[in-house]
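Trainee: I would like to go through some aromatic rings. Please show me the sequence and the structure.

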Amino acid sequence: MGNPINANLELLSENQILYPFDLMPLPYSYDALEPYFDALTMETHYDKHHRAYRNNFKNFYDQEVPAGTSLMTVFKHVSTYNTNTINNGGGFINHTIFWKLLTPNSSLAPIGDSANSIMNTFGSFDNFKQQFHAAAMGRFGSGWAWLNMAVDGSLFISSTPNQVSPFMDIAEQQGLPLLTIDVWEHSYYLKYKNLRADYINNFWNLVNWAEVERRFQEAKKILSTK
Ligand code: MN
């Protein structure tokens, strides 16, 4: 597993979010992902949880981070900041990535070069889904499962606790995220109660594979320019 700390994370699209780090609008309505993700969960998740992460992060950034420091510069060195900045900064950026990876018009299967890379790495789309599902189920408590690109261009699945992102220097396995699922209970408890597996199974109906492909091409470009 390579170390993307040497990759130029400044080129990641998320790094174009500038101070004061306003929330991006959701790219669809709260009820657009019904029946898989319900409208009340989406509204609460975006307008309460994500907004709180953003507001708290901005406050801690104001206290801790030199003005003008880019988001990715913070995350590359996030271990030097306090836990509040890590948790809220991660919460802010992880949800920003997650919303764009969902769509009511999913192709239901990978497309483009990322599809070839997923097939070559995992043998089949079903195998990939099984391993991603296992990572999402295996995360005890709160966190995320990820498909990432390592610095050598290979793909790997990981999970992170709490609000850790794969590009943070504290991530156990570091990489550039291509796909993710939020497995905090606030993502699914209103509709699915304790049934995380059902939530993950329905997630596959909503994956924006065009966005996965866009992230794949962006990651390849970033790794080729370091
Ligand atoms: Mn969440």
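Predicted model: local features only at pLDDT ≥ 70, side-chain atom pairs only at ≥ 80, totals over all residues.

Trainee: Why is the pair F122 and F128 called tilted?
Mentor: Rings of Phe, Tyr and Trp (its six-membered ring) pair if their centres lie within 6.5 Å; planes under 30 degrees apart are stacked, over 60 edge-to-face, the rest tilted. By this rule there are 28 aromatic pairs. For F122 and F128, the centres are 5.2 Å apart and the planes stand at 55 degrees, so the pair is tilted.

Trainee: What makes F125 and F128 a stacked pair?
Mentor: Their planes are 15 degrees apart, and the centres 6.4 Å.

Trainee: How do you know that F128 is buried?
Mentor: Buried means under 20% relative accessible area, exposed over 50%, partly exposed in between (1.4 Å probe, protein chains only). F128 has 0%, so F128 counts as buried. F122, at 10%, is buried too. F125 is buried at 14%.

Trainee: What puts K191 over the face of Y192?
Mentor: The rule wants NZ of Lys or CZ of Arg within 6 Å of the ring centre and within 35 degrees of the ring normal. K191 lies over the face of Y192, 5.7 Å from the ring centre.

How values were computed
Residues numbered from 1 in each chain as written. Heavy atoms only, no water.
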